[in-house]
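Here are my notes on this model, written as numbered points for you to read alongside the coordinates.

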Amino acid sequence: MEERVLQSIKRLQQLLIHFLEILKPFLYMEERVLQSIKPLQQLLIHFLEMLKPFLYMEEHLLQTFKLLQPEA
């Protein structure tokens with residue numbers, strides 16, 4: 001009985017090792033995808049920083065227009 005349990009465990013262990021080997025390329029692929037996204041993320045951050053002044057300018061213009069509108 002004990003021998004069969006050990007054989008079953010050994011077989012399960014072999015299957016798990018095989019399964020992990022199958023998954024290994026996906027691990028590295030994910031890392032490559034994440035690395036390729038990083039420059040894009042940096043570009044977007046830079047672009048958003050460039051747009052910031054326009055956001056505040058729009059807010060300033062809206063406030064100015066509100067002040068210029070005649071009271072109803």
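1. Lys52 is partly exposed, with a relative accessible area of 38%. This is a predicted model, so please read every value below as computed from it. The partner of Lys52 is Glu49: the two form a salt bridge whose closest N and O atoms are 3.4 Å apart. Glu49 is likewise partly exposed, at 44% relative accessible area.

2. Where do Glu49 and Lys52 lie? Both are in helix 1, three residues apart, which is about one turn of the helix. Side chains of opposite charge can pair when their charged atoms come close.

3. How many salt bridges does a search of the whole structure find? The answer is two. Besides the Glu49 pair with Lys52, the side chains of Lys24 and Glu21 meet in a salt bridge, with an N to O distance of 3.4 Å.

4. Lys24 and Glu21 also sit in helix 1, which covers residues 2-68, and three residues, about one turn of the helix, separate them. Lys24 is partly exposed, with a relative accessible area of 36%. Glu21 is partly exposed too, and its relative accessible area is 45%.

5. Do have a look at the nonpolar surface patch. Its members are Phe47, Leu48, Met50, Leu51, Phe54, Met57, Leu61, Phe65 and Leu68, and its area is about 940 Å². One of these residues, Leu68, lies in helix 1. Is Leu68 buried or exposed? Leu68 is exposed, with a relative accessible area of 64%.

6. Finally, the overall dimensions. The radius of gyration of the chain is 30 Å, whereas a compact globule of 72 residues would have one near 11 Å. Taken along the principal axes, the box filled by the C-alpha atoms is roughly 95 × 30 × 10 Å.

Notes. Residues are numbered from 1 along each chain as its sequence is written. This is a predicted model: local features need pLDDT of at least 70, side-chain atom pairs count only at pLDDT 80 or more; totals for chains, interfaces and linings use all residues. Side-chain values use heavy atoms; hydrogens and water are left out. A salt bridge is a side-chain nitrogen of Lys or Arg within 4 Å of a carboxyl oxygen of Asp or Glu. Helices (H or I, at least four residues) and strands (E, at least two) are DSSP runs, numbered from the N terminus. Buried means under 20% relative accessible area, exposed over 50%, partly exposed in between (1.4 Å probe, protein chains only). Patches are made of residues with over 30% relative accessible area and no salt bridge: like charges are joined within 9 Å, nonpolar side chains (Val, Leu, Ile, Met, Phe, Trp, Tyr) within 5 Å. Accessible areas come from the Shrake-Rupley method with a 1.4 Å probe; for residues, only the protein chains shown count as cover. The radius of gyration is taken over C-alpha atoms; the globule rule is 2.2 Å times the number of residues to the power 0.38.
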